[in-house]
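Here are a few friendly comments to read beside the model. Please keep the structure open as you go through them.

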Amino acid sequence: MTGESRPGPGDVRAIVVDIDGTLTDDYRRMSLEAVAALRRVEDSGVSVMLASGNVLPIAYAVSTYMGFKGPIIAENGGVVCHRQRVWVLGDAQRPREAWELLRREIPGAERLFTDRWRETEIGLKQDVDLGLVRELLRPMQVEVQTTGWAVHIMSEGMDKLVGVEKGCEVLGLDIGSVGAIGDSENDIRMIEGCGWGVAIGNADDRTKSSASYVANGRNGDGVVEGLKWLRVLPE
């Protein structure tokens with residue numbers, strides 16, 4: 001669905017933005033400039049949604065303390081929260097079965113610290129052999145995606161776009177009126193499925209090729225640039 005042309009003023013009614021590597025830098029430090037810009041966007045009447053591969057407690061805390069009011073998409077679309085109501089869209093059964101296989105076949109594989117709060121998927125530390133993980137899990141009904149921070153094993157068909165669709169349903173918006181901003185593999189379907197997609201300067205090549213616009217700026221600078229291109233922030 002991602003549009004090739006730039007949206008007109010007022011066309012974008014909601015923004016969905018990734019957190020790690022997009023709003024944060026390589027050291028996971030939040031871009032205060034991007035946060036301030038998103039607050040101005042939301043104050044203008046455009047909804048701001050966060051979409052993360054991280055668990056809901058962390059995504060909820062980020063959204064709350066950054067002052068955003070839109071839906072929160074966690075676990076790559078597996079969990080959505082808005083106004084303290086939670087929808088669990090993913091199914092953890094297949095990912096857990098996949099983990100049991102991996103722990104036998106790759107003894108050194110480690111789960112993320114945050115998996116103690118993870119409801120619908122399995123998160124592995126990034127240093128695991130991604131090619132081997134994908135090869136071992138190919139016969140299973142799971143999705144395997146990497147974010148640059150972790151490797152995520154999700155139920156088949158689950159991704160951030162599923163969560164964004166739920167967020168749009170909650171807000172009463174068409175997904176074609178949403179602008180998405182991200183940087184990595186797990187953002188691609190979200191970028192492609194929304195009305196307009198922005199890849200920031202530090203995004204990988206596949207993510208850039210999926211976007212309507214590729215920002216020059218990295219991380220938070222790229223977010224601010226993308227918001228201007230989407231015409232929800234004055235240039």
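Predicted model: local features only at pLDDT ≥ 70, side-chain atom pairs only at ≥ 80, totals over all residues.

1. Let's begin with helix H1 (residues 32–43) and helix H8 (residues 219–229). Their axes come within 8 Å and cross at roughly 25 degrees. Because angles under 35 degrees count as roughly parallel, H1 is roughly parallel to H8. The crossing of H1 past H8 is left-handed.

2. Which residues make the contact between H1 and H8? From H1 come Glu33, Ala34, Ala37, Leu38 and Val41, and from H8 come Gly220, Val223, Val224 and Leu227. Sorted by class, this contact has seven nonpolar residues, one polar and one charged.

3. Now for the second pair, helix H3 (residues 93–105) and helix H4 (residues 130–137). Here the axes come within 10 Å, with a crossing angle of roughly 125 degrees. That angle makes H3 oblique to H4. H3 passes H4 in a right-handed crossing.

4. In the contact of H3 with H4, six residues are nonpolar, none is polar and one is charged.

5. Finally, how much space lies in the largest pocket? The value is about 230 Å³. The largest pocket is lined by 18 residues, and the closest to its centre are Asp20, Arg28, Asn54, Leu112 and Trp149. By class, the lining of the largest pocket divides into five nonpolar, eight polar and five charged residues.

Definitions and conventions:
Residues numbered from 1 in each chain as written. Heavy atoms only, no water. Axes fitted to C-alpha atoms, helices over the stretch in contact; angles between N-to-C directions. Helix = DSSP H or I, 4+ residues; strand = E, 2+ residues; numbered from the N terminus. Parallel < 35°, antiparallel > 145°, perpendicular 65-115°, else oblique. Left-handed = near helix turned anticlockwise from the far one by under 90°. Nonpolar A, V, L, I, M, F, W, Y, C, P; charged D, E, K, R; others polar. 1 Å grid on protein atoms, 1.4 Å probe; cavity = no way out; pocket = protein on both sides within 12 Å on 5 of 7 lines; lining within 4 Å. Points joined across faces, edges and corners; volume = space filled by probe spheres on them. Contact = heavy atoms within 4.5 Å.
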